[in-house]
Amino acid sequence: MSLAYAECPQDVRDSLAAQYFVDAIRDGDTQHATRLMDGKDLKSALAYSMNYEDAKTVSKTSRNVRSIEVEDGIGKEKDETFDCLLKTLEKLLNSHVAGKKNTPRRNPNVTCWKCNKKRHVQRE
């Protein structure tokens, strides 16, 4: 704006920048609301349009929120099932890790990149 409108006063350049910003907004509702706000500078137009977008997003998501009713018996059964699945997963993970430690390496010629010795890697 400073280079394109060098002869214009600063307030005119600020107003033009705000107008160009409003024209570039893709969402029609946000553009219309920001235009009605009649911002005199780019900073106020940007702040208003961001607040408008936030409010619009929150109002869209808050319509779909419903309360959840939890019955005591069902919640306990789900917790017990989850605990059982978690224990089973831990057993499988422990057996998998133990099995990996006992398996030989696929490549016996592996060389450590740090000390250049064979049959081990740096993390070991």
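Me: Contact means heavy atoms within 4.5 Å. Among contacts in this chain between residues at least 6 apart in sequence, what percentage join residues at least 24 apart?

Reply: That share is 23%. Before we go on, this is a predicted model, in which local features need pLDDT of at least 70 and side-chain atom pairs count only at pLDDT 80 or more, while totals for chains, interfaces and linings use all residues. Residues are numbered from 1 along each chain as its sequence is written, and side-chain values use heavy atoms, with hydrogens and water left out.

Me: How do I read the secondary structure, and which pattern does the chain follow?

Reply: Helices (H or I, at least four residues) and strands (E, at least two) are DSSP runs, numbered from the N terminus. Here the chain has four helices and zero strands, giving α-α-α-α along the sequence.

Me: How is the span of a helix judged, and what does helix 1 reach from its first C-alpha to its last?

Reply: The expected span is 1.5 Å times one less than the number of residues. Helix 1 covers residues 10–24, which is 15 residues, and its 21 Å reach is close to the 21 Å expected.

Me: What does "buried" mean, and which residues of helix 1 are buried?

Reply: Buried means under 20% relative accessible area, exposed means over 50%, and partly exposed is in between (1.4 Å probe, protein chains only). In helix 1 the buried residues are Arg13, Ala17, Ala18 and Val22. Across the chain, buried residues make up 13% of the 124 residues.

Me: Where does Lys56 come in, and is Lys56 buried or exposed?

Reply: Lys56 is buried, at 15% relative accessible area. Its side chain meets that of Asp27 in a salt bridge (2.2 Å, N to O). Lys56 lies in helix 3 and Asp27 in the loop between helix 1 and helix 2, so the pair ties together parts 29 residues apart in sequence. Asp27, Glu53 and Lys56 are linked in a network of salt bridges. Not counting residues up to four places away in sequence, Lys56 touches Asp27, Asp29 and Thr30.

Me: What should I know about backbone phi, and what is the phi of Asp38?

Reply: Most residues other than glycine have a negative phi. Asp38 has a positive phi of about 55° although it is not a glycine. Asp38 sits in the loop between helix 2 (28–37) and helix 3 (42–62), and its side chain forms a salt bridge with that of Lys40 (3.3 Å, N to O). Asp38 is partly exposed at 47% relative accessibility, whereas Lys40 is exposed at 58%.

Me: And disulfides: how many does the structure hold?

Reply: A disulfide is a covalent bond between the sulfur atoms of two cysteines; the test used is a pair of cysteine sulfur atoms within 2.5 Å. The structure holds zero. Cys8 is partly exposed, with a relative accessible area of 24%, and Cys84 is partly exposed at 48%.

Notes
Salt bridge = Lys/Arg side-chain N within 4 Å of Asp/Glu carboxyl O.
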